[in-house]
Amino acid sequence: MTLEKTTLSIYSPGDNSPDSAFRETFTCTVCPAASVPTAGDTEIGYWIGEPHWGAGYATEAAQAILDLAFSRHRVDEVWAACRMTNEASRRVLVKCGFQWSGTGLRRSRALGGMVSIERYRLDRKAWASLRAWGHGRGR
């Protein structure tokens, strides 16, 4: 099975204004990535509305989508990146078993320019070991 793009989105109830819907949406995506070090790699990304920060949703959804990527789509490794200033995103990646692999720059449409990032990598062997140990899954 070829991995094209898999997205997990969770929408929480709120008023029906576009601003509310945007703030209260969580999206976690794993897809082929052209902006990571080696062509053909797979990258995970996530976004969560500020009202839901600190509740563990990003970690739980990232773990679920990583399980899907490694078990169903049979990818060998997944890459991730976060802004150097985003400590919460870094914690999500570490909880999921990602290992730091370097720094770089990435274009940010939201900020209108380049931003400093940290790159992380999780391979199939590390993922399988963490699953066997029940790491980070409340087991």
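This is a predicted model: local features need pLDDT of at least 70, side-chain atom pairs count only at pLDDT 80 or more; totals for chains, interfaces and linings use all residues.

I looked up the largest nonpolar core and got 18 residues. I44, L66, F70, V78 and F98 have the most contacts inside that core.

The largest share comes from α2, with 6 residues.

I then picked F98 and checked what it touches, leaving out residues up to four places away in sequence. My list for F98 reads I44, L66, V78, W79, A80, L93, Y120, R121 and L122.

On to α2. I find 15 residues there, reaching 21 Å from the first C-alpha to the last, close to the 21 Å expected. Which residues of α2 are buried? I noted A58, T59, A61, A62, Q63, I65, L66, D67, A69 and F70. A reminder to myself: residues three or four places apart on an α-helix point the same way, because there are 3.6 residues a turn.

Strands next. I see β4 and β6 running antiparallel, joined by 7 bridges. β6 also pairs with β5 (residues 99-108) in the antiparallel sense, over 9 bridges. I looked for I117 of β6 in both pairings: I117 is the bridge partner of R83 and also of G104.

Last check, the hairpin. β5 and β6 form it with 4 residues between them. In the turn I found G112 with a positive phi of about 70°.

Conventions:
Residues are numbered from 1 along each chain as its sequence is written. Side-chain values use heavy atoms; hydrogens and water are left out. A nonpolar core is a set of buried Ala, Val, Leu, Ile, Met, Phe, Trp, Tyr and Cys residues joined through side-chain atoms within 4.5 Å. Buried means under 20% relative accessible area, exposed over 50%, partly exposed in between (1.4 Å probe, protein chains only). Helices (H or I, at least four residues) and strands (E, at least two) are DSSP runs, numbered from the N terminus. Contact means heavy atoms within 4.5 Å. The expected span of a helix is 1.5 Å times one less than its number of residues. Two strands pair if DSSP finds at least two bridges between them.
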